[in-house]
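Please keep the sequence and the coordinates at hand while reading.

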Amino acid sequence: MSTKLIMAIIFITSALVFYTIGVFSERRANTLNKKHVIIFWLGLVCDTLGTTTMKSIASSGNLSISPLAESIHGITGLLAIILMLFHALWATYVLYKNDENQKRVFHKFSIVVWSIWLIPYFIGMFIGMMH
């Protein structure tokens, strides 16, 4: 296993850990706070680094997958990163505005984004296990 692949796996898994902790600790706290926003941003950074590293591996030709699987994974992965970015920006905005109602209902959106993020995570995991 290459060093690049190991780093990509560490980044993507770290994104999963950060995002899961952020989403469920926010839900448990029943409000959005600064700690959650920081964790969301860390998850986004790790996911972006992992995705960039995986893209580098795929474009080097060291990973052969079907064009359909590559397309599905690419589209869902891009959607997930865009949603994570929007989520982190919105969380930052809600915290900045200090709107208590928005802070209390924010976890509903967090669960949706986290659930959508899991789709490319598991697709990538299954693609990796096939090789």
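## Helix α1 and its length

What span should the 27 residues of helix α1 (residues 3-29) have, and how far apart are its end C-alpha atoms? The model is a predicted one, and in it the end C-alpha atoms of α1 are 38 Å apart, which agrees with the 39 Å that its 27 residues should span at 1.5 Å a residue. Among the elements of the chain, α1 has the highest mean pLDDT, at 94, whereas α4 has the lowest, at 88.

Just after α1, N30 takes a positive phi of about 65 degrees.

## The buried residues of α1

The buried residues of α1 are A8, I12, A15, L16, Y19, G22, V23, S25 and E26. An α-helix has 3.6 residues a turn, so residues three or four places apart point the same way. The buried residues of α1 pack against α2 (34-59), α3 and α4 (100-129).

When residues up to four places away in sequence are not counted, H87 touches Y19, F40, F106, F109, S110 and V113.

## The chain as a whole

The secondary structure of the chain comes to 4 helices and 0 strands, and the pattern read along the sequence is α-α-α-α. Taken along the principal axes, the C-alpha atoms fill a box of roughly 50 × 25 × 20 Å. Of the contacts in the chain with a separation of 6 or more, 79% are between residues 24 or more positions apart.

Buried residues make up 33% of the 131 residues in the chain. The accessible surface comes to about 7800 Å², and carbon and sulfur atoms account for 71% of that area.

## Confidence

Averaged over the chain, the pLDDT is 89, and 95% of the residues score at least 70.

How values were computed:
Residues numbered from 1 in each chain as written. Predicted model: local features only at pLDDT ≥ 70, side-chain atom pairs only at ≥ 80, totals over all residues. Heavy atoms only, no water. Contact = heavy atoms within 4.5 Å. Helix = DSSP H or I, 4+ residues; strand = E, 2+ residues; numbered from the N terminus. Expected span 1.5 Å × (residues − 1). Buried < 20%, exposed > 50% of the residue type's maximum accessible area, 1.4 Å probe, protein only. Areas by Shrake-Rupley, 256 points an atom, 1.4 Å probe, with all protein chains shown as cover. pLDDT = per-residue confidence, 0-100.
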